[in-house]
Amino acid sequence: MSLKKSVRDVEVSGQKILVRVDFNVPFSPGTLEIANTKRITASIPTLQYLLDNDAAIIICSHLGRPKGREVSGLSLRPIWDKLNQMLGLESEFCPSLDFPEISAAAQRVNSGEVLLLENLRFHAGEESNDPRFAQNLASLADIYVNDAFGAAHRNHASVQGITNYIPSVAGLLLEKEILSLQSVLTTPKRPFTAVLGGAKVSDKINVVRNLMTVADNILIGGGMAATFLVAESVFVGDSQVEESFIDSAKQLMKESRALDCEIVLPTDAVVSKCFGPDSSNRICDVSDIHDGEILLDVGPSTSILFKDVLSATASALWNGPMGVYEWPQYSKGTKTVAESLSRENITSVIGGGSTVDAVSSLGLEARMNHVSTGGGASLEFLEGRDLPGIASLIDI
Ligand code: ADP
Ligand code: MG
């Protein structure tokens with residue numbers, strides 16, 4: 001992917017700038033209490049940069065899946081308060097979905113002022129990438145800034161369509177995501193190790209396929225390891241195996257050898273007959289998993305093995321927990337990887353909602369070099385695919 005112009009490469013002073021952010025924050029169940037404000041915080045550097053440079057800012061985002069209709073629980077209004085606090089100013093909020101009204105509100109914004117639009121997905125044209133809706137959005141501003149990495153893999157009007165109509169550049173968050181992920185994919189410090197886990201092999205198989213061409217090692221844990229073990233003729237009891245991916249896993253194991261990338265699978269596991277937080281369990285070699293048992297975490301020997309590989313690694317990329325980390329008795333493998341990636345002399349890039357959650361609850365987030373804000377978007381990036389929200393920005 002070629003490098004993209006950022007907000008720093010264009011004249012923003014006195015200009016109207018439409019900034020697409022990712023304010024798709026989680027709320028505490030049944031309330032309008034924002035449970036985690038990270039995504040709002042992540043947008044502040046770009047917004048502050050634009051304010052410091054006398055731009056007039058119009059912010060837009062999606063929230064949840066209202067499917068083209070107005071849904072009161074999915075208004076951006078609660079986020080507006082938080083945003084004002086963080087920016088230390090009084091921005092305007094435009095609750096209207098009527099374009100002439102939105103346009104009038106946008107026209108009133110002066111340099112150094114901020115207008116927040118209502119949830120983009122209240123408009124049917126957003127997800128269908130309707131050219132008329134994209135053109136309407138474009139008409140609000142002189143320049144479009146995409147700072148929503150979490151939505152960059154979507155072919156939506158505010159992500160892709162709009163770029164057909166006005167000059168479009170990356171925000172500082174998007175730029176940082178591109179540079180961090182791109183550099184591990186193209187010029188990683190070596191040895192470079194990728195650690196992949198999580199529940200489903202189907203989510204990650206194309207990431208394995210792409211990373212194999214660049215990584216020196218790929219450590220595989222989590223539920224997805226079961227399918228890889230079966231591909232290596234290991235009996236995994238009742239562990240969840242995605243039958244239709246066994247052949248691909250076999251193929252990848254073979255190709256990785258030719259590419260000089262070592263795929264390392266668990267040698268032992270924590271297994272239980274029951275999928276639950278307090279289930280009784282035992283540790284065994286992967287060759288000794290019994291009928292009815294489920295693999296719920298990598299075992300202690302695997303943790304030592306993974307730790308050893310990581311201690312000899314200069315850069316690492318991690319996506320997907322090593323076990324059902326939400327339950328303490330199956331969280332040890334994940335903790336080992338998180339700690340190994342926290343070393344001073346390792347460049348560590350992590351992504352994925354659960355992975356970031358696990359690292360953050362261990363208090364180790366600040367020890368990572370880059371924590372990606374995009375789940376699906378970071379996976380597609382790591383698969384080596386062009387993301388519509390990035391590909392459509394102006395090349396440097
Ligand atoms: P991320 O969000 O970091 O990309 P995923 O969404 O792919 O990660 O996977 C996270 C989920 O995988 C977690 O909820 C975790 O409990 C689950 N998981 C990890 N290991 C296993 C396993 N062995 N069996 C079942 N689920 C697992
Ligand atoms: Mg996830």
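Biologist: What makes E9-E8-E7-E13-E14-E15 an open sheet?

Modeller: The six strands sit in that order with parallel pairing, and the edge strands, E9 (262-264) and E15 (370-371), each pair on one side only. Strands here are DSSP runs (E, at least two residues), helices are runs of H or I with at least four, and both are numbered from the N terminus. This is a predicted model, where local features need pLDDT of at least 70, side-chain atom pairs count only at pLDDT 80 or more, and totals for chains, interfaces and linings use all residues. Residues are numbered from 1 along each chain as its sequence is written, chains are lettered from A and ligands numbered from 1 in the order written, and side-chain values use heavy atoms, leaving out hydrogens and water.

Biologist: How do you know that E14 and E15 pair?

Modeller: Pairing takes at least two DSSP bridges between the strands. E14 (residues 347-351) and E15 have two, in the parallel sense, so they count as a pair. Val349 has His370 in E15 as its bridge partner.

Biologist: Why is the Thr355 side chain called a polar contact of ligand 1?

Modeller: A polar contact is a pair of N or O atoms within 3.5 Å; within protein, one must be able to donate a hydrogen and the other to accept it, and residues adjacent in sequence count only if both atoms are side-chain atoms. An N or O atom of that side chain is 2.5 Å from a ligand oxygen, so the pair qualifies. The backbone of Gly323 also makes it, with a polar atom 3.4 Å from a ligand nitrogen.
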